[in-house]
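Grab the coordinates and work through a few exercises. Try each task before you read its solution.

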Amino acid sequence: MANDEFADTQDLLMDVDNLDFLDEEGISNESDDDINLTINVDPVSNAPMVNFPIEQPSAKELRFKYNNVSSRSLAFDNSTKDNKLYPVRFLHLDESKEFAQYVSKLFELYQGLGEHRKNDVPTIGLIKQTSRLEHFSIVNLAFHALVTELEFYIESIKYTNKLQRIGDLEECLSILNCLKTIYFLTDSPEYKQEDLLESLINWVNRSDGEPSELVIQKIFDETLLTRRKVYEQSDFWDLTAQLLLRGLWSQSIQCIQNSQLLEHGNETVGVFVTDLITIIESYPLHSENLFREWKNSVLQLMTNWDEQEVEPEIKKNLMNIFMILSGSKNKICEFSQYWYESYCGLMLYYIPTLELSQEYGQLATKHNAIDVCNNWETPCYHIINDKVADVLPILESLDLATAAFVAVLCEAKGIIKTDFYEIFAHKSGLNSELAFENEPTIGEFLIRQVALSLCSYDDKTLWPVSVGLISLSSDSGDSSKRAILAELLPHFPYTTNDDIEWLLSVCAKWRLPDVAKTIYKILGQDTLYQNNIVEAMSNFSKAGEYEWVKHYSWMIFEASILQGGPLDDITINSIVNGDTDSFNIPKDLLNSMVTDVMRQTLSPYAVLYEFHKLAENNETEKAMNHMIQLISFPYMPEQYCILLLAKFFYPMFLKTTETALDESQIFTILKTLEKIKLNDSCVALYSQLRNDDNSTCSNLPESVDSFIQDVRKTLNYKICQSFM
Amino acid sequence: MKPFLTGHSDLVHDISYDFYGRRVATCSSDQHIKVFKLDKETNEWELSESWKAHDSSIVSLDWAAPEFGRIIASVSYDKTIKLWEEDPDALELSGKRWQKLCTLNDATGPLFSVKFAPSHLGLRLAALGNDGKLRLYDALESSDLRSWTLTSEITVLNTPPASHLQSDFCLSWCPSRFSTERLVISAMDQATIYQRNKQGKLVPAGHLKGHTGLIRSIAWAPSVGRWYQLIATGCKDGKLRIFKVTESRNNGTNIINEENDNNANIERDGPPIDSSAIDADGSVANLHVELISEHSDHQGEVWSVSWNLTGTILSSTGDDGKIRLWKASYSNEFRCMSVVQAAR
């Protein structure tokens, strides 16, 4: 029955059974890969400690190397022969899609803030009176959106088994809810009193999820076992007080209604309990002005109750409840189990104002100490005490991205008061003024940390966020940003042409020609490994690596000679032929790929290609002219002169009597032969040509020297023939 | 991702990832190199190739930058440096996928460390070994990777260590593309930064002082977005040290006087700072090396140090069987942010 009665409390109470917090040591969770991730605390550094997933290396000479993609880093043991490589699971590395979405959303918020990212007070020009209000309003809205995004993010991973991560994010959310309550509400133009109190209640209740369903159930089930009335148990009164202190009014009313108090034998009790319910129901959440009247009503009711003759136990218990509602500091603190319950109680029932917030905080912590094992409690206390800067390191340890954007918004609001002298105290002789000129603010520092950390994720969708954060940062000039981008961009894990386009567009925008060249070189090598020589050459020429373009053009040329015909590559052939239609290659595509350098370096192959076509059509005269042009080309490497002579000129035009050479052609060839200095490449290629089983060159003279002699002899013969 | 067997039949001495972290090469005392590639579907490392690369233990290897193709350099106790190139036309696991480009055998003692220079310096590599010599090689023609030229040979240790004693040598290049060519080497218990002067010679430019045991590992941090450099060392004396290196152009006289004083400690601190580092205008690109952090959390020997891609997180491993991750706070204080523990 109790269960049914309190079913609607589910809406406000956190399901603590499904949550774990860091204060519990040695919780065994399961991650995506069903790997046990046991979190302990390292006794030396007090840092969180996890084991290797699945299998542990021996610990004798453990070595570890960071991979550029952090999650792919491996460890190994240099002392044992188990010869395994062990992947490492990092605590603070969230590679989920949900995280990527969350960070992208936060970036959108950050970008959308525009000039409001800074807490600049306009001092010149047209200064509007409302400008500060507008600024605060926009920053507040951004903070609210940040909290909402965090809630969505937690919700999206709620049903995964990343319990540790969810726990950390819940703690982040508690801190953010506290920050929102204290700093990001009251100066909004549309602020209402209820916003503050609702935010406060939300913060306290979401943070620890108490009282749990089980506790409530236990209290009501107990009566069935003991046959005592519900209100006869002290636990019931504690529960009612707790619900009231936490602003859970509807739950407390249901609790009272089901406590059998209304059916009490003494009618007076029933009357007063009814009045109590009415008083609770009429708590002036929406109106500051009505609070005094409401409190008067409570005091009146309390005085009346004090005058009633009822059994002492119930009198005392109900009096305690009245005193809590009347704002009695002692009773509020006495009935609070936690300091934040006292704080909330004081805010709700003493005077609901932030002006007394610090006083409430001190009073609350005096009676109930802060649980330092809960990561969110100390930061919340710092927030109440106006020490927002102290919160950031803890937030950073829970989630860097959240911490960074919170820091920026806090700076934009002007609520970070950092004791820089304390921070830099360890640096002797530091000129603090200089330090402030050069050092970024905490927000900018954290934003940069986020930007850099996103580049070591295996997720290319995070790169635009990273580049965006670096571009928008105001702590450094354009040259510094260019330097950062220049170091990072070559690491972009591109997979598609669109990725490359984006990468090159960033290089163009930031005027990074050297980086673009590096990228083209990488692309060139990549395409080369995919056997796409034309694209590789195109990339190399765009990278300014003309030697490589030349090298591969000559390789194409060599392959065509050895093959004895045009290559089977339609792209190369359409480039040299200029005929895209018959090869079915879009002209625009080809034009975008082929550079001037390529056209120039491929020109020897273009002539050779034409030669093949002419020879195929039996246009011997023209073919011979093309061959002579090639052989006498001043930049033709010696080895290719030999190849052209041996493969084509000698068998096709010298060994046959059908073709006649005129004097000038013969002299051209002889002059070229004069210039040739034989080298290892000449010998190697000539021998390769001779040994090729499919070649008609197997009957060529054995050595290059004797081949040249043979050519000379034949040319002499041809001179005589021509003379005669 | 699961642990996987490398298949080496002896100790694994070094691993190296390619630029995009999609391949990992391992080397071992079994004289073999193995290359594994990541299967993105299963997220597991798969053996791509394995081959006998040297005639003795292979102790260090490194990938060249991707601009130059898929190239691996390896060094061994057989005193040679070997360069390997992947042949995409050869089948995987055929033993022929990685072709030897060349063997460099100038060293007179076992080699300990090899590292390619950052790509903006061209295709260059440095190797260091037991003969106490740092050697730099360049592929002068990018289209001919079989031809490497010894461009620098520097004595970093006057007396090579006795063969029966433990020794260790490491090197790490300054990865910043906006910095002068610099590298840091550790030889036994000394660590020295070398930089190229105006005459094009590599000269000592600073010492990393304070080590009282063999330096096991040294790593120069990527300095993305930082105006200063960071170098981490892991030492047998149980300390992880982080040094901050800043450059200032001071009047040369002061530096020389300071270094003359330093020369008294040559034996202890390494080679003297070379006066040729001074520029013609009398100023000097003076490196100020400052120990900013020292930690003995490993409670024993520190075996390896390694930075992440952006130089924001440092990892260290040690005798306690733990990987410790270190991160600098806003005030540049390094704190252990998390720990990964191996079985004890």
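**Exercise 1.** Find how many salt bridges link chain B and chain A, and describe the interface around them.

*Solution.* Start with the charges: this is a predicted model, and the count between the two chains comes to 6 salt bridges. One to look up is Arg324(B) with Asp42(A), whose side chains meet N to O at 2.7 Å. Finally, the area: about 7,400 Å² is buried between the chains, with carbon and sulfur atoms giving 60%.

**Exercise 2.** Work out the strand order of the open sheet that has E1(B) in it, and say which strands stand at its edges.

*Solution.* Trace the 4 strands: E4(A)-E5(A)-E6(A)-E1(B), with antiparallel pairing. E4 of chain A and E1 of chain B each have a single partner strand, so one side of each lacks a neighbour in the sheet. Now check the pairings. E5 and E6 of chain A share 2 bridges, and Leu74(A) sits opposite Pro87(A). Crossing chains, 2 bridges also join E6(A) to E1(B), where Leu85(A) faces Phe4(B).

**Exercise 3.** Decide whether Asp320(B) is buried or exposed, and find its polar partners.

*Solution.* Locate Asp320(B) in the loop between E23 and E24 of chain B. Its relative accessibility is 11%, so Asp320(B) counts as buried, given the cut-off of under 20%. The Asp320(B) side chain makes a 2.8 Å polar contact with the side chain of His298(B). A polar atom of the Asp320(B) side chain also lies 3.2 Å from the backbone nitrogen of Lys322(B).

Methods
Residues are numbered from 1 along each chain as its sequence is written. Chains are lettered from A and ligands numbered from 1 in the order in which they are written. This is a predicted model: local features need pLDDT of at least 70, side-chain atom pairs count only at pLDDT 80 or more; totals for chains, interfaces and linings use all residues. Side-chain values use heavy atoms; hydrogens and water are left out. Buried means under 20% relative accessible area, exposed over 50%, partly exposed in between (1.4 Å probe, protein chains only). A polar contact is a pair of N or O atoms within 3.5 Å; within protein, one must be able to donate a hydrogen and the other to accept it, and residues adjacent in sequence count only if both atoms are side-chain atoms. Two strands pair if DSSP finds at least two bridges between them. Buried area is the accessible area (1.4 Å probe) that two parts lose on being put together, summed over both. A salt bridge is a side-chain nitrogen of Lys or Arg within 4 Å of a carboxyl oxygen of Asp or Glu.
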